[in-house]
Structure formats: structure tokens, C-alpha cells
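Trainee: Can we go through the helix packing in this one? I'd like to take it pair by pair.

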Amino acid sequence: MLFMIAMNDSCDGADSVHVDGLMRKKAKYVQSVDGVDSVDDLDVLSKDGIIDAKLHSNISHHNENTKYQKIRSFPHVDGQWPSHVFIDVSNAFMEEMEDEMEDVGELLKSFLKRPVEIISNPHASVSKSFVLQYCEIDTFVSSLKRNLLGISRFQLEMDGGGAYVFQNEDKTRHFLSIKFTHVPLPLHNIVNAVDRTMKSFSKPEFYKERDFHISLFSWSGLVKDSSGEPLLSPENLGSISAALKDISGTIACVDEISFKCGDKNFSIALS
């Protein structure tokens, strides 16, 4: 369901900037390729809050009026803008990999027996989702720039050797994700810098247990069948991991941090 965000220039009223009652809890379920369940968290917003089904109509079956689907992370409140700080890694998934990604999507769809949507703008979150008022946006961006000053550009290497399934809190949407071969120090430094800004605005800091990942595909519905068995068995996930082998070792060059606030987009260059 599409939704619109109302713009409000005012910052009056404590209730209008209160976050605790608005933050949606994160997912607490992960099924790993080795069949062992572990606890993890997932921020379900894509780079622009949109899961793109338009360019991959053979994977995701939508009519002309429902090509795009937005995921609401918070109840709509006038003057509050859903926000997110992240690293855009879509530069790593070049056009040459489009066929491979579609093959993985078709394999995933064959296991799930339902439509699967490819996420066209993969990203790594460096903040939790939160809300800002319109009058706070410029000050927030200025704070991010100050705190990120001096952090150098770096690279992230994709690990296609393991596939992970995440689900959102209400268990209505699920995500196939991969992680990185290792987490470089600059990535932790970025989260620390973003946390300083978040704390100064009384926003939630990032997870204490940092488990960075990138979601590649999503689908709606249950992750278990009527008998309680996972729709994706360890064998299924093993097959998907094998199909992701071309992604393994893919390098994403990180030279900027992205900030999405409502319909506004900001990029902050690294040193």
C-alpha cells in the first residue's frame, strides 16, 4: 500500500517528537544456511523505502498499478519523517550480474511457490530506522557531516557463501540476505559517528551486537508451512548459496554515506 508523508515546518509539542511509541520492533528470527536458528535484527527499509518489481517482472508478478510497494516502518503522524542512514552498495551489483540475480530469484521462487521481489537498491544499514521533524533535518545532516569528518573511503567484500532469511516483526515479509567476508574498522567508525548524532537528537542508537548484512530479495507470507516446517530447508538454502557464488568476492567501494528522510535524500562524502 502506498502512503504519503505530510510535511510540517513546526517542532511544537513533546508528543510529536516522541519515538518510543512509534518505533517498530525489529525481527528476531534468522534461519541460516546450516539450519541453525539464531537471533538477529533487520531493518526492512530499502535504500529508498521501495522494493522494485518493475525491472524484474518475470520474478515479481504485479500489474501496472502495483509495480512498487512501500513498507511503512511507523504509524503515520503529521510532521514526522521516517528516516534511515545507510551505505548504498548497489554499485557492486552491476548490470552484468542482472542475469545471475534473476536466476537466484527464480530458484528462490521455485522453492517458495510464490512471487519473489528483487531489491534493486541493496544497502547496509548504519542506523536504526527513526523519525525526524522537518525542522530538524538540516541540523541532523550538519551533525552527521561533523561526526563523519575524517573517516576514509573503504571497500566491502560480499560473502556469497551463506544465505540468511530474515522476517519482520509481524512476520508478513521476509528477506533473503548475505553478509560481508569481514567487517572493516571504518564501518564500525561510521556506526559510532552516526550513533553520536543519533544520541544528540535522542534517537535510538545502533544495535550493540552489530550484524551487518544486505537483503537481496523479499517476499510476503509465512516462512513455515502448515506443519511447522520451514519453507526453505537447509538444502534449499544450500542451493541458493551455490547460486550466489558469483556474488561472493564482489567489491563495493564505499565513498559516501546516504541519509534518507521522507522524500529527501542526502549524500555525505567520506575522506
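Mentor: Contact here means heavy atoms within 4.5 Å. Keep in mind that this is a predicted model.

Trainee: Fine. Which residues of α1 meet which residues of α4?

Mentor: On the α1 side, Val 104, Leu 107, Leu 108 and Phe 111; on the α4 side, Asn 236, Ser 239, Ile 240 and Ala 243. By class, that contact has six nonpolar, two polar and no charged residues.

Trainee: How do the axes of α1 and α4 cross?

Mentor: Helix α1 covers residues 98-112 and helix α4 residues 234-243; their axes come within 10 Å and cross at roughly 170°. Angles over 145 degrees count as roughly antiparallel, so α1 and α4 are roughly antiparallel to each other.

Trainee: And α2 with α3, at what angle do their axes cross?

Mentor: Roughly 145°, with the axes of α2 (residues 137-148) and α3 (residues 185-200) coming within 9 Å. The contact involves Phe 140 and Leu 144 among others in α2, and residues including Ile 190, Val 194 and Arg 196 in α3. Its class count is seven nonpolar, four polar and one charged residues.

Trainee: Is the crossing of α2 and α3 left-handed or right-handed?

Mentor: Right-handed.

Trainee: Switching topic. Where is Gly 161 placed, and is Gly 161 buried or exposed?

Mentor: Gly 161 lies in strand β9, residues 154-167. Its relative accessibility is 51%, so Gly 161 counts as exposed, the cut-off being over 50%.

Trainee: What does Gly 161 touch, leaving out residues up to four places away in sequence?

Mentor: Ser 241 and Ser 248.

Terms used
Residues are numbered from 1 along each chain as its sequence is written. This is a predicted model: local features need pLDDT of at least 70, side-chain atom pairs count only at pLDDT 80 or more; totals for chains, interfaces and linings use all residues. Side-chain values use heavy atoms; hydrogens and water are left out. Axes are lines fitted to C-alpha atoms, for helices over the stretch in contact, and angles run from 0 to 180 degrees between N-to-C directions. Helices (H or I, at least four residues) and strands (E, at least two) are DSSP runs, numbered from the N terminus. Angles under 35 degrees count as roughly parallel, over 145 as roughly antiparallel, 65 to 115 as roughly perpendicular and the rest as oblique. Ala, Val, Leu, Ile, Met, Phe, Trp, Tyr, Cys and Pro count as nonpolar, Asp, Glu, Lys and Arg as charged, and the others, Gly among them, as polar. Buried means under 20% relative accessible area, exposed over 50%, partly exposed in between (1.4 Å probe, protein chains only). A crossing is left-handed if the near helix is turned anticlockwise from the far one by less than a right angle, and right-handed if clockwise.
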